[in-house]
Amino acid sequence: MTDKVAKLVIGDQTHEFPVMSGSVGPDVIDIRTLYAKTGMFTYDPGFTSTAACDSAITYIDGDKGELLYRGYPIDQLSEKSSYVEVCYLLLYGELPNKTQLAEFDKVVSRHTMVHEQMHYFYRGFRRDAHPMAIMTGVVGAMAAFYHDSTDISDSRQREIASIRMIAKMPTIAAMAYKYSVGQPFVYPRNDLDYASNFLHMCFSVPAEEYKVNPTIAKAMDLIFTLHADHEQNASTSTVRLAGSSDANPFACIAAGVACLWGPAHGGANEAALNMLKEIGTVDRIPEFIARAKDKSDPFKLMGFGHRVYKNFDPRATVMQKTAKEVLDLLGVHDNPTLQVAQALEKIALEDPYFIERKLYPNVDFYSGIILEAIGFPTSMFTVLFSVARTVGWISQWKEMIGDPQKKIGRPRQLYNGAPARDYIPVDKR
Ligand code: SDX
């Protein structure tokens, strides 16, 4: 709390509301007493000016293009850390020492297998089901298999559920992929690191030895780190809202998976690659830029723009560099999709429409190029995003559940429907 107040004058009444400051970033006006004092609600569809909670996990400065996980800049973590270490950091708030990291890594590895009955659960899906449809169903179904970690009032169960989510998401995702391509499921291996284990579960087959390429595994690990958390984005807010009703953690994460699937959010990585392929060649870019600017055309440049970043998304910068490295390593030179992406970025960033609206490439603009080069179909791109984001969702969920001020989320509305009226019998209508 600060000694600053915000004054709101309505008619001949002046109402004062306390101003609160965080450790960094914008102050907030505490309007929790607004309705009681004034009989009015605030109106903010899309929450463009609303802080829905306080949190100590991730901070974004949209103007500076800065992203901090528990205070550590994403570019430093991308260069020096690992996804498992970032999971520990997001969950517990501090970087682990060697012993803590080794112990955490071992505990996560020991929870990577899923209940054998889950294999039959997949059998109910059509083979051509979108893997995100499978993820939404299977993650929600985890509550049907792990009853001993659904009591959210028990901190030990909350801890086990968090570890289970982080550990099992790669296995569930890899099984969704294997099921969609008609290959047998591959069990996790505790001798492989998180990213290598995931690649092994996705791409190894019983017929031959599969060697994980360490550079590809490092790129995969980096992609997981870049997607791990991102403040109160749509899917994280969904997880928090679901969790505010004391729903079990698996149901909350399933709600986050469902929200992430939307092309305006996590589904943008799949949509962005499809868009780059539809553009096809650099000479067709102006046609698509014109469509993106045409208000009568619903087309948007997928992978461009962001509610918070009004400068470069720092994750996109790292992703662009990694895309080039992975393609070079794989000997994929002159990749037409990367060429279109780079040309599109250059043209858009010189166009007044994008400059005025501060539209820059976001995390989803380049990720698809890397994921396709690694061997994933576009339908798996958002699945990978959900694997990476699980630690962010579960960390934010744990923070909320542990908050003594927790209340069920219940927004109000501006009603513009019919006022009260009497029923009309059908023969009188
Ligand atoms: C993610 O919130 C997070 O943190 C999300 C995320 C995370 O890690 O969790 O970062 C992950 O979801 C990244 C965003 C992925 N989505 C896309 O790439 C889809 C394309 N982008 C847009 O749909 C849009 O930019 C949003 C949804 C990302 C942001 O939308 P806003 O903040 O509601 O902004 P807006 O739609 O009000 O746009 C402002 C203006 C509008 O034009 P005007 O009405 O002012 O004339 O910019 C235009 C929009 O039409 N605009 C675009 C555009 N994005 C915004 N025009 C063309 N192409 C675009 N991509």
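How are helices H12 and H18 oriented to each other, roughly parallel or roughly antiparallel? Here are some friendly notes that answer this and tour the rest of the model.

1. A word on the model. This is a predicted model, in which local features need pLDDT of at least 70 and side-chain atom pairs count only at pLDDT 80 or more, while totals for chains, interfaces and linings use all residues. Residues are numbered from 1 along each chain as its sequence is written, and side-chain values use heavy atoms, with hydrogens and water left out.

2. The overall picture. The protein has 18 helices and 6 strands; helices (H or I, at least four residues) and strands (E, at least two) are DSSP runs, numbered from the N terminus. Its C-alpha atoms fill a box of roughly 80 × 65 × 55 Å along the principal axes.

3. H12 against H18. Back to the opening question: H12 and H18 are roughly antiparallel to each other. The axes of H12 (residues 268-279) and H18 (residues 381-401) cross at roughly 150° and come within 7 Å. Axes here are lines fitted to C-alpha atoms, for helices over the stretch in contact, with angles running from 0 to 180 degrees between N-to-C directions. Angles under 35 degrees count as roughly parallel, over 145 as roughly antiparallel, 65 to 115 as roughly perpendicular and the rest as oblique.

4. On H12 the contact involves Asn269, Glu270 and Leu273, and on H18 it involves Phe381, Thr382 and Phe385; contact means heavy atoms within 4.5 Å. The contact residues of H12 with H18 divide into 3 nonpolar, 2 polar and 1 charged. In this scheme Ala, Val, Leu, Ile, Met, Phe, Trp, Tyr, Cys and Pro count as nonpolar, Asp, Glu, Lys and Arg as charged, and the others, Gly among them, as polar.

5. H10 against H18. Helix H10 (residues 234-243) also meets H18, with axes that come within 9 Å and cross at roughly 40°, and H10 and H18 are therefore oblique to each other. This crossing is right-handed. The contact residues include Val239 and Arg240 of H10 and Trp393 and Trp397 of H18. The residues of this contact divide into 5 nonpolar, 4 polar and 3 charged.

6. The sheet S1-S2-S3. An open sheet of 3 strands has this order, with antiparallel pairing; two strands pair if DSSP finds at least two bridges between them. S1 (5-10) and S3 (28-29) are the edge strands, each pairing on one side only. S1 and S2 (residues 13-20) are joined antiparallel over 6 bridges, and leucine 8 stands opposite histidine 15 in S2.

7. The sheet S4-S5-S6. Here, too, 3 strands form an open sheet with antiparallel pairing, and S4 (58-61) and S6 (72-73) are its edge strands. S4 is joined to S5 (residues 66-69) by 4 bridges, with aspartate 61 partnered by glutamate 66 in S5. S5 and S6 pair over 2 bridges, and leucine 68 stands opposite proline 73 in S6.

8. Two hairpins to look at. The hairpin of S4 and S5 has 4 residues between the strands, and glycine 65 takes a positive phi near 70° there. In the hairpin of S5 and S6, with 2 residues between the strands, arginine 70 takes a positive phi near 50°.

Notes
Left-handed = near helix turned anticlockwise from the far one by under 90°.
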